[in-house]
Amino acid sequence: MRNHSNYHTDSHAFTAYWDDFNVITVMVEEGINNHQAFTLTDGHLDINLEINGDFKLGKKRVVSLLTDVDYIPGTEYYLRHSSGEESLVLTGKVVRTKGFDERYHYEGELGNFITKKGTLFKVWAPTASNVVVNIYNDLFQKVNELPMIHQERGLWECEAGGHGEGTLYTYSVRVNGSMKEVVDPYVKAATSNCKFGMVADLAKTNPSNWDPTIKPAHAKSSDSIIYELHVRDFSIQSKSALKYKGKYKAFTEELPDKEGIPQGLNYIKWLGATHVELLPIMDFGSVDEMKADPQYNWGYDPIHYFVPEGSYSTDSHHPYTRIREVKEMIRAIHNKGLRVVMDVVYNHVYHLEASNLEKLVPGYYFRYDHGGRPSNGTGVGNDTASERRMMRKLILDSVTYWAKEFGIDGFRFDLMGIHDKETMKEVRYEIDCIDPTILLFGEGWHLNTILPDYRKATISHAKELPRIGFFNDRFRDSVKGKLFDTHSSGFATGNFSVKEDVKKCIMGSVDDYFITASQSINYVECHDNHTLWDRLSRSHPHSSEESKQQMHRLASAITILSQGIPFLHAGQEFFRTKNGVENSYKSPDRVNKFDWRRMRAVKENVTYIKGLIEIRKYFSALRMSEIHEMHSIQFLDSPDSTIAYRISQENSGETIVVVHNAGHHSEWIYIGEGEKWILADGIQAGVDPLDKTHDTSIFVAPLNTVVLIKVE
């Protein structure tokens, strides 16, 4: 038998793939006429083949061959033709079969583990024929290559004596006849741009007195008020007074109040949010951590799912620094009585071909359409396959790692509709085992991925996914206008035909979408698309500044006072603008910065939003969740341009009355008998009454929200 160790896999005559455990598909070029004259060998024995099919495809022919033995992953098989041509049989669709998942999924831990002798390395690479651990010194020079031992279910292991904490390493994996160097997808610490993984003692990354289980109390999901923020935006403005511009450490800075309003993290606490949602802080690929020049990206291009992004660290070169600074940031947020939501991106990778996952097990971690092309529901060239056991495991292992090691209090799943329902149910179960108060929600959009629709974790399947929240697009579109028609209007901006839709949204959309109102993430603005202010500038270009501010306040008020979980984009409270840029994912800091000066320039509006949040947090009737509780909401007769309702608060004898007037004329609204205290009048808001009235009707100014409380 000839030696294949230096075999070049490119064959001009034919290319062969394992498509199932007993099926080989051969793409035959012109010149190979006898399609039955094939022999398969594993390097030792010839294996019988049987023609299963033969048809023409363009200028090629496709031949399907059946074998009488099962494909064994990691074995290099060669297909030989009587003409003398020979080709390595590449791993094909077999890795995406149910049988492959059942036989080769691995349930144990992966990554690196410090031992008394050194380090135990474990990686899942079932289709590899050889794997080695490459050891590097501090100058990034390779000093050793250690062979790994092939275990059951595709696991490769190596105990590296004498190579302990601080060891830099990669893997070299031989798959489909060639060696590729990869960084361990389960590594927890890495050098700049994650070029090398590092063996880490995570206890050494802990700040003093670190305990990730110590966090602010949180009774129920519907108590949440989410404030979405980008790490760099928060502190990058030159006039922000924060020293650590664009860094995790900016969240740890204590600054005195300025012009009567707190600065830094104290501002978010003062505003009244319960959760700070951070745009992706997992390692992503679009920012070069080695460059000092200003760079910007939202970070929705993941590379490593266990390593914090280094560009937000004061020292990306030292693997421990970024981990410690994330923990310091989270501790600072917790110490302010706030919780932390992490925006996670498991639905795609930065580049499929360059992905460590693809190099380790080609074709396994991603979806492919029926023509063999990568599925592209995400719109970025690849969709991960959450339905496969080891991709699901990666998601579960990553989520639970961040929850346990960092004390993360919530996960917002980017493009959650790409994932399958079973994976999301398992995520909910696993985090419940850690802390049932951890929030779980995501974008349940229907996307064109190869996964069957009935399996997708979309908003249409919300009732099958209890205790998982969804961004409520009906709320967004009915309150401000349709997302993809930027000149359209919603109720708050003059379209009164959607009044009934808004009323359903005020009740948490429980009749249509959800089991409970706490599944409804209510929003009119987020990092995606135009800010609400920029949207108003497009949909109402001829309206005055004052009128746009009133519409903006009204939309925000509906968001804060409706049943469900209000979601505010950072700066929404001060009419945040990105100068008309719709998706600023790579725009410069001058577009994306959190504008502290603009905030102070409109501090009356900021104080108003703060007051509405205060009202919501004070009255439990504004934070209901269960369907039966919605019966306490009674809508009042009102003109088309107005929504008015009352809520009876259980056990207190109090009745809350809310009136939203989206019209351009004042309206008289009947609110019933008795003494009533006015808590919000469209300009001011808070739990301290602004005035009281005995009138049975109230005069509500245009583009205004009024909140009253009546005590029986």
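Start with a surface view: the accessible surface of the chain comes to about 28000 Å², with 48% of that area belonging to carbon and sulfur atoms. Such areas come from the Shrake-Rupley method with a 1.4 Å probe.

Keep in mind that this is a predicted model, where local features need pLDDT of at least 70 and side-chain atom pairs pLDDT 80 or more, while totals for chains, interfaces and linings use all residues. Residues are numbered from 1 along each chain as its sequence is written, and side-chain values use heavy atoms, leaving out hydrogens and water.

Next, switch to the C-alpha trace, which spans about 100 × 55 × 45 Å along its principal axes.

Now show the cartoon, with its 14 helices and 34 strands. These are DSSP runs numbered from the N terminus: helices are H or I with at least four residues, strands E with at least two.

Select residues 499-506, which form helix 9. Which of its residues are buried? They are Lys499, Val502, Lys503, Cys505 and Ile506. These cover an arc of only 160° around the axis, which puts them on the same side of helix 9; the arc is that of the directions from the helix axis to the C-beta atoms.

Last stop: select Gly508, which follows helix 9 and has a positive phi, near 80°.

Key: Buried means under 20% relative accessible area, exposed over 50%, partly exposed in between (1.4 Å probe, protein chains only).
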